[in-house]
Amino acid sequence: MTTVTGKLIGASNPQRVEMRATLVDVTGKDAVGYVASVPGELVRPVPITPGNDGAWTATLTANSLIESDAGDTLWAIQEGREKDGTPIVTYVAVPDTGSHWVGSIRADLSDTITGGGTVVYLPGPAGADGEDGASAYEVAVANGFVGSEAEWLASLVGPPGESGSGGGAVDSVNGLTGAVVLDAAAVDADPEGAAAAAQAAAISAAATDATARVTAHSSATDPHGDRAYADGKLAKTANLSDLPDPAAARTSLGLGNAATRNVGTTTGTVTAGDDSRLTDARTPTAHAASHATGGSDPVTAAAIGADPAGTATTAVTTHTGATDPHGDRSWADSKFATTTDLGTTNAAVTDLDAFVQDCLTRVAAIEQGTAWLAGVNSSGPVMVSGADLTVKDNDKGYRFRRGGSALDLEATGADLLVSNWSGTGFNGTQRAYLRLSADAQNIQVAGPVESVAALYGAAVHKLDPATGVASLGGKNGLTAVRFAGLKATPGAPTTGDWTAGDTVADSTGAWWLCTASGTPGTWTTGALPSTGGIITGNLAVTGNAFGQDTPSAHGIAAWCYDPALAVNSTALSNGILYLTRVNIAADVNVTKLYWWVGNSGSSPVSGQNQVGLYSSAGTLLASTTVDSAISTAGFKTTTITSQALTAGAFYWVAMVFNASVAPTLTRASGWTGVDTAANLGQPAASSRFATNGSSRTALPSTITPASNVGTDFAGPWAAVGA
């Protein structure tokens with residue numbers, strides 16, 4: 001497919017302009033086309049929607065790929081209509097690939113279709129530059145001249161002409177007398193270089209003018225007058241009889257009054273081509289003959305700034321006879337060796353050969369194992385092939401053994417240590433990490449040990465002897481558990497510095513988790529008392545608890561109460577901000593708000609029906625317009641931007657509606673006094689069910705929780721979920 005682009009000019013609302021692309025034949029009639037690789041026929045127009053700035057883009061099938069009974073095809077792109085309803089159409093031939101501006105692929109329509117098709121001629125790409133033509137000398141040789149180029153140049157100079165006669169002496173030249181030296185001013189000519197400067201200035205001015213004209217042309221509504229022309233175009237069948245003002249038309253065409261005159265020889269008539277008055281021959285007057293070569297006052301080459309005759313021939317002759325006119329020989333002397341240089345090199349090569357032979361003898365001894373080396377330094381790889389690599393003295397040593405079914409690193413006579421130096425040449429600080437005992441099967445590791453999925457990756461497990469903490473775990477992105485040890489007494493630690501995440505087991509087998517760093521920090525336990533007691537903090541249950549349904553059992557984070565208890569509904573009032581509290585037991589990111597329309601509303605005011613989420617401090621966290629949702633009854637799910645809710649905190653699901661008929665939402669109890677009972681023990685700033693303000697058309701960015709007023713029903717029902 002090929003992309004075609006364009007832009008509407010002058011449209012105040014481009015998106016309302018009627019635009020489409022239609023397949024047509026070369027006369028502009030709608031056509032049916034087929035593409036072998038795409039089943040179906042191209043009969044439906046392709047809609048085009050321009051942007052706010054008028055720019056538009058259409059993806060069209062290349063015309064070369066389309067087969068049609070009508071023959072060749074074009075695409076007709078309609079860009080709106082004239083005031084009388086006539087479509088404004090541009091016909092284009094769509095290339096096979098690429099992106100093209102509509103004006104660059106325009107095509108004119110053909111008058112008829114001949115033989116089931118016709119040819120539309122379109123401008124093609126510019127042709128390649130032709131080969132350079134022959135020089136004047138080459139042309140002369142081709143026409144029979146024999147000789148060198150210098151001889152040909154000399155042949156162009158003719159013998160001196162004979163002295164003129166009858167001319168007489170010149171007293172003055174252009175008003176100058178005496179010994180006159182002609183310059184540009186003397187002959188009323190422009191100074192040297194003035195023409196080039198004028199030409200450059202003209203080109204610059206023309207470029208500036210062209211840019212301004214192109215800009216004005218591009219922004220004009222009807223730059224070529226095509227639209228105005230189309231409004232008053234002539235019918236060709238009328239043979240100009242439908243001209244509204246023939247006299248004005250003749251004036252516009254520059255015909256004058258001759259077009260209405262008869263042929264004749266009297267006043268008021270026009271002259272015929274064979275009129276005898278046109279045969280009066282007149283001899284042209286000679287002009288400046290005395291200034292020509294051989295004249296009485298010839299203009300010399302020096303007078304017009306040209307080289308004298310023979311100057312070019314002399315220069316060519318001098319260049320041809322020079323020994324090194326371009327310095328090529330001098331350059332070659334500095335680039336290539338002489339015979340003396342080669343002799344010196346040959347002596348050096350002979351000395352080098354003796355040295356190489358000595359080196360080969362020494363290398364052979366090393367390869368055969370008959371040479372003893374005081375030491376070996378290598379800046380590249382060192383390979384020991386077919387044997388073990390052993391480093392030892394009389395007391396201890398180690399070796400890399402390749403024999404057997406594995407590769408072994410073995411030590412003898414002492415513990416084997418693995419260490420690393422901070423410097424680059426076994427210097428600086430030495431850090432010993434691993435000790436393999438020589439007298440027992442024992443391994444010691446100094447410093448923290450990290451277990452990673454891949455080298456240099458993030459630690460998954462970590463043993464840190466300095467802190468006494470073993471961090472283990474991390475499946476599915478979880479944080480590792482920090483095992484800090486076993487207490488000899490029951491209960492949480494009461495002394496020492498602890499870090500959030502430290503886990504300790506006490507003497508009873510209960511596990512304690514540090515939830516806040518400090519001395520001794522804040523601790524909690526997941527163990528439930530076996531004989532009653534108090535659970536401090538929030539209890540998050542992933543399933544059903546105490547035989548009751550919980551939000552998590554239904555796949556959501558929190559609700560105001562079990563929706564099965566929402567046994568009735570109440571019609572809400574327009575402009576009232578309703579708040580329903582949800583308590584968060586565990587950290588969660590929510591993206592859904594759930595609410596329930598018992599009876600639908602009608603004719604919602606656009607943009608004034610919203611559902612959102614407030615923090616306990618009264619800050620609006622997210623909101624969504626739900627104009628269409630209130631027009632039908634049923635369970636509603638509204639998506640909001642993801643919000644991170646904190647365990648132990650509460651939030652309000654907020655609703656405000658404005659409609660001809662406000663919706664009726666589900667709720668629980670509506671008995672008298674429920675505003676006090678449902679909010680029992682709660683201050684206004686933490687109400688479970690409340691309103692906050694009236695005459696609202698949207699959820700405000702902040703509210704004052706202390707201004708909450710309890711509702712006279714337990715609702716509306718609401719919930720939040722991930």
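Start by selecting helix H8 (residues 339–367), where Asp358 and Arg362 sit 4 residues apart, about one turn of the helix. Helices here are DSSP runs marked H or I of at least four residues, strands are E runs of at least two, and both are numbered from the N terminus. This is a predicted model, in which local features need pLDDT of at least 70 and side-chain atom pairs count only at pLDDT 80 or more, while totals for chains, interfaces and linings use all residues. Residues are numbered from 1 along each chain as its sequence is written, and side-chain values use heavy atoms, with hydrogens and water left out.

Now show the two side chains: Asp358 and Arg362 meet in a salt bridge, 3.0 Å from N to O. The term needs a side-chain nitrogen of Lys or Arg within 4 Å of a carboxyl oxygen of Asp or Glu. Arg362 is exposed at 56% relative accessibility, while Asp358 is partly exposed at 36%. For those labels, buried is under 20% relative accessible area, exposed is over 50%, and partly exposed is in between, with a 1.4 Å probe and protein chains only.

Jump to Glu18 and Arg81, whose closest N and O atoms are 2.8 Å apart in a salt bridge. Glu18 is in the loop between strand E1 (2–7) and strand E2 (19–25), and Arg81 is in strand E8 (residues 73–81), so this pair ties together parts 63 residues apart in sequence. Both ends are partly exposed: Glu18 at 35% and Arg81 at 40%.

Next, pick Asp415 and Arg435, another salt bridge, with the closest N and O atoms 2.9 Å apart. Asp415 belongs to the loop between strand E15 (408–412) and strand E16 (416–421), and Arg435 to strand E17 (residues 430–436), so the pair links parts 20 residues apart in sequence. Asp415 is partly exposed at 34%, and so is Arg435 at 25%. While you're at it, select Arg399, Arg401, Asp408 and Glu410: salt bridges with shared partners join them into one network.

Color Leu436, Ile443, Val445, Val449, Leu463, Leu472, Val481, Phe483 and Trp511, which make a nonpolar surface patch of about 740 Å². Strand E18 (443–445) and strand E22 (481–486) are the elements that give two or more residues to it. Patch members have over 30% relative accessible area and no salt bridge, with nonpolar side chains (Val, Leu, Ile, Met, Phe, Trp, Tyr) joined within 5 Å and like charges within 9 Å. The areas come from the Shrake-Rupley method with a 1.4 Å probe, and for residues only the protein chains shown count as cover. Zoom in on Ile443 in strand E18; Ile443 is exposed, at 55% relative accessible area.

Last, switch to the backbone. Most residues other than glycine have a negative phi, and most peptide bonds are trans. Go to Thr519 and Pro520, joined by a cis peptide bond with omega of about 10°; Pro520 lies in the loop between strand E24 (511–516) and strand E25 (522–525). Then try Gly715 to Pro716, also cis, with omega near 0°. Pro716 is in the loop between strand E38 (709–710) and strand E39 (718–721).

Which phi does Ser603 have? A positive one, about 45°, although Ser603 is not a glycine. Ser603 is in strand E30 (residues 602–604) and exposed at 52%. Finish at Ser695, with a positive phi of about 55°. You'll find Ser695 in the loop between strand E37 (689–691) and E38, exposed at 67%.
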